[in-house]
Amino acid sequence: MTGLASAPVRHRSCIAVVLLVVGACVTARAQAAVGCTVTAIPVAFGTYDPLSSTPRTAAGRVTLRCTATGIAERVAASIALSPGLGGSFVTRTLLSGPNALGYNLFTSTAYTLVWGDGSAGTRVVSAALNVPAGATRTANRTVYGRIPALQNPAAGSFADTIVVTVSY
């Protein structure tokens, strides 16, 4: 590819907790550098009705924003999501004190491929950016959330913490 650096890039991981930007990574070579930040918009399900026979769905977003200095860069990234506080990709868990509500995060509205870290049958999502020298490019990836129907948790405000890891 014309105009892109050909030297191999060392892999780095940026970590951001959903709702917060907590990190940035810069990969440098002798004449080039690319800096990326990761932000996330949470999956907010709103009110869950335990008597509804319809699953509750919502979407969030992970945004990767990269800026190149020096020369143009190609950023090929993989975006992984942690299993959350419940520790399982089979069913992630929203918690309210000792009460739990099962849910999961997916790569599409088909709700068949769990977005995880590539283990236990989960998938990571990729993003590729061609960033001209001195420019910034952004990749947005939608996170699709789903709470299965007919769960009967105690009333309360439920939450989970998902760590977003971007490797490039």
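The following legends describe close-up views of a predicted model.

View 1. In strand β8 (residues 125-131), Val125, Ala127, Leu129 and Val131 form the covered face, while Ser126, Ala128 and Asn130 belong to the uncovered face. In a regular strand, side chains alternate between the two faces of the sheet. Strand β5 (residues 73-81) is joined to β8 by 7 bridges, and the two strands run antiparallel. Within this pairing, glutamate 73 lies opposite valine 131 of β8.

**View 2. The largest pocket and its lining.** The volume of the largest pocket is about 570 Å³. Its lining comprises 31 residues, and those nearest the centre are Val43, Phe45, Leu94, Phe158 and Ala159. At least two lining residues come from each of β3 (33-41), β4 (56-69), β7 (99-106) and β9 (136-147). By type, the lining consists of 23 nonpolar, 6 polar and 2 charged residues.

**View 3. The aromatic pair of phenylalanine 45 and tyrosine 103.** The whole structure contains 2 aromatic pairs. In the pair shown here, the ring centres of phenylalanine 45 and tyrosine 103 are 6.0 Å apart and the planes stand at 75°, so the arrangement is edge-to-face. This pair links distant parts of the chain, 58 residues apart: phenylalanine 45 belongs to the loop between β3 and β4, and tyrosine 103 to strand β7. Phenylalanine 45 has a relative accessible area of 9% and is therefore buried; tyrosine 103, at 4%, is also buried.

**View 4. The aromatic pair of phenylalanine 106 and tyrosine 111.** The ring centres of phenylalanine 106 and tyrosine 111 are 5.5 Å apart, with planes at 85°, so this pair is edge-to-face. Phenylalanine 106 and tyrosine 111 are both buried.

Technical notes: Residues are numbered from 1 along each chain as its sequence is written. This is a predicted model: local features need pLDDT of at least 70, side-chain atom pairs count only at pLDDT 80 or more; totals for chains, interfaces and linings use all residues. Side-chain values use heavy atoms; hydrogens and water are left out. Buried means under 20% relative accessible area, exposed over 50%, partly exposed in between (1.4 Å probe, protein chains only). Helices (H or I, at least four residues) and strands (E, at least two) are DSSP runs, numbered from the N terminus. Two strands pair if DSSP finds at least two bridges between them. On a 1 Å grid over the protein atoms alone, a cavity is a set of points where a 1.4 Å probe fits but cannot get out, and a pocket is an open set with protein on both sides within 12 Å along at least five of seven lines; lining residues have an atom within 4 Å of a point. Grid points are joined across faces, edges and corners, and a volume is the space filled by probe spheres set on the points. Ala, Val, Leu, Ile, Met, Phe, Trp, Tyr, Cys and Pro count as nonpolar, Asp, Glu, Lys and Arg as charged, and the others, Gly among them, as polar. Rings of Phe, Tyr and Trp (its six-membered ring) pair if their centres lie within 6.5 Å; planes under 30 degrees apart count as stacked, over 60 as edge-to-face and the rest as tilted.
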